[in-house]
2 protein chains.
Amino acid sequence: MTVTDQIPLPRGFRVAGVACGIKSDPGKLDLALFVSETPCAAAGVFTQNLVHGAPVKVSRERVPAATARAVVINSGNSNACTGERGMDDAERMTELVAAELGCESQSVLVCSTGVIGHFLPFEKIAAGIPQVAAQLQPESASLVQAAQAIMTTDTFHKLATRTIMVGETEVTVTGVAKGAAMIGPNMATMLSVIMTDAALSPETTDAMLRHAVDRSFNCISVEGHTSTSDTVILLANAAAGGAMDETAGDALQQAFDEVAAELAQLIIRDAEGADHIITIDVAGLATREDAFRIAKTVADSVLVKTAVTGADPNWGRIVSAVGYAGVTLREEDITLRLNDTLLYEQGSPVSYDEAAVSQSMRDNREVHIDLICGSGESAVRYWTSDLTAEYVRLNSEYTT
Amino acid sequence: MTVTDQIPLPRGFRVAGVACGIKSDPGKLDLALFVSETPCAAAGVFTQNLVHGAPVKVSRERVPAATARAVVINSGNSNACTGERGMDDAERMTELVAAELGCESQSVLVCSTGVIGHFLPFEKIAAGIPQVAAQLQPESASLVQAAQAIMTTDTFHKLATRTIMVGETEVTVTGVAKGAAMIGPNMATMLSVIMTDAALSPETTDAMLRHAVDRSFNCISVEGHTSTSDTVILLANAAAGGAMDETAGDALQQAFDEVAAELAQLIIRDAEGADHIITIDVAGLATREDAFRIAKTVADSVLVKTAVTGADPNWGRIVSAVGYAGVTLREEDITLRLNDTLLYEQGSPVSYDEAAVSQSMRDNREVHIDLICGSGESAVRYWTSDLTAEYVRLNSEYTT
């Protein structure tokens, strides 16, 4: 996976990533800081898991915000399931960052990712925060370091950007994300920070973030396990200047949607042990929720995933997953194409060249499952990965 | 796995299993017949998958019944997703059996299990039905052959029996089952036939079957994929004689519950590629449904399964699965024991000997996850298997 590292930061943001010793390998970056030079609008979308990390509890109370300044993120330890002490630690992280920036701790958001159920090594973080604050820069190289500092089992860092014109004003949207497993979003997912220099109210920031997340991070899964720490934060600091009118809103929403979708797909491309990236299109439903439920059920089926691993066009597993998705539909309305070959049409099997379809699965890392389930107007696109013996090896040997 | 093969049939039943050539290995049994010598009460519980096999559609219409005579089952082909022709084939199977027995085809139930989406090789089945009818016997050896003839990827056949006294009358309950993957029941599961010589009305037969299935086949999963063909049938032919009073009902219900639970656990013991059998107890909920939902979510978590595979007491994965089960609860009410060691108590981690717990997981094929999630009165016991690289290998190489 090649990632372009010449990604511009929006104006008025500075970022950094350092190694403070949370990860066992002392050379690995594990503390990131994202700062707006001026108070900015901020919105967040968080895991719907009732068991969630202390940083989620702390940050959720602080958004939407009109005067946010920073997001501090450590990797290597999720500070989840850590009781009162975990809450104290998360709040102290924001206090230490606020002291460096000269702002209120309420203006600082916090995320942690890594192993669940261990207390943070707080002395290391307390020593690391002045270091990371001292290295803040508005440079692409710093952004790469920040993106690397939030990684856990990721094999590459994840960045995406769009630049659009709003009237005469150039506006930039740039995001980072991490994630390679425990991906099963439910209204929110994984860690991501998206920054823009557009001028937005907290309410608009919140609405635009939710729109983007529903079409990106909420449409991916690796194994359907909703994490305790999923967080996506959008910071908008108005540093681009210029006024936002209604048409600007559409262009900006599209930029947010594209950046979020690109980051979400990068997470799937980094799915642990995956041989194939699976794109699932589901159309013909009465509501987007129905289409989503079918796509997610197919994506989370271990039998569908292992069939793809084996390059087996095993459409029975796909069609039967549609049937237990909990959506009311008729078998006669289901049509399935796999890599553009028709396998199942309106409830009946179709003759097709099984060897050719299998070969196309073997030859391509991308697999396309295309389901039509009726004549409704709603559709969804969802991304997942296959399930390999390597995934099992990674997850039976690594403690998350 | 040792299975006692000296399992008695209830009086008035005859069974047989033959090889008719559906399976590619011509020596493998693939056609079973279960017959009551006299008309009997019959009940069935079927898959809730909206995409279900033609035999499910045919049999579901015929129960509860007062005058059932037989169940015919083929393995090697599920006759699911086969459209009109599949319906015709399923009905013709019951007609051919009815002709052999001299009864109405409405008195014959049918099940098929195996690969989805292929038409039945009907000539082989048409030739096999007279053969299997000719071999019907009331013997244990025939029961073993019938149990073997319904197997697909099972590595052993599955039988269970109980004999109870109802007043002066000895009543026998004997069941067979098959299943090793695509196990994710939703109100019904896998193939099983349970026979008794007790005298029951169709309504009581139905109610007792549902009670037993809710505490057995509905409490297991391998990978959470609800099959298109799951069917459990109970036949009660009154051949034991004697009258049933209310107290007899309790003893009989217990016998059904125990036979069904034993068969369900045999399925989990045969789970494809499994190294560990996991028993999940969930208690302290307001309703049985809530307890069930939590148990099933933990059981279906790929990350929980792979942690068990790796003998890793990774309680964060278990607790976080509880959190996304869709049941309202508080993190502070969750307490977790693994193989009797306390790991997490009322929302906070507990110090424990991680190496010792890991060793106990490595040394035992059985793993016990014990969750208390509040002070409610409802509880459930659920069984599942771990997920190994061998499972992935089997399911990426085998077409179901």
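The C-alpha centres of domain 1 and domain 2 of chain A lie 32 Å apart. The model is predicted: local features need pLDDT of at least 70, side-chain atom pairs count only at pLDDT 80 or more, and totals for chains, interfaces and linings use all residues. Residues are numbered from 1 along each chain as its sequence is written, chains are lettered from A and ligands numbered from 1 in the order in which they are written, and side-chain values use heavy atoms, with hydrogens and water left out.

Domain 1 of chain A spans 13-269, and domain 2 of chain A spans 277-397. These bounds come from an automatic or database domain assignment. In chain A, 15 residues of domain 1 are in contact with 16 residues of domain 2. Contact means heavy atoms within 4.5 Å. The two domains of chain A bury about 1300 Å² between them, and carbon and sulfur atoms give 49% of that area. Buried area is the accessible area (1.4 Å probe) that two parts lose on being put together, summed over both. Cys219(A), Ile268(A) and Arg269(A) supply 38% of the area that domain 1 of chain A buries against domain 2 of chain A, more than any other three residues.

The rule finds 1 salt bridge across this interface between domain 1 and domain 2 of chain A. A salt bridge is a side-chain nitrogen of Lys or Arg within 4 Å of a carboxyl oxygen of Asp or Glu. The side chain of Arg269(A) meets that of Glu366(A) in a salt bridge, at 3.0 Å from N to O. Between domain 1 and domain 2 of chain A, 3 residue pairs are in polar contact, both residues at pLDDT 80 or more. A polar contact is a pair of N or O atoms within 3.5 Å; within protein, one must be able to donate a hydrogen and the other to accept it, and residues adjacent in sequence count only if both atoms are side-chain atoms. On the side of domain 1 of chain A that touches domain 2 of chain A, strand 8 (220-221) and helix 6 (246-269) of chain A each supply at least two residues. Helix 6 of chain A gives the largest share of that side, 3 residues. Helices (H or I, at least four residues) and strands (E, at least two) are DSSP runs, numbered from the N terminus.

In chain B, 7 strands form an open sheet in the order 8-15-10-14-11-12-13, with mixed pairing. Two strands pair if DSSP finds at least two bridges between them. Strand 8 (220-221) and strand 13 (348-349) of chain B are the edge strands, each pairing on one side only. Strand 10 (residues 277-285) and strand 14 (residues 366-372) of chain B pair in the parallel sense over 7 bridges. Thr279(B) stands opposite His368(B) in strand 14 of chain B.

The contact between the chains takes 53 residues from chain B and 55 residues from chain A. About 4000 Å² is buried between chain B and chain A, with 60% given by carbon and sulfur atoms. The rule finds 2 salt bridges across the interface of chain B and chain A. Lys57(B) and Glu331(A) meet through their side chains in a salt bridge (3.1 Å, N to O).
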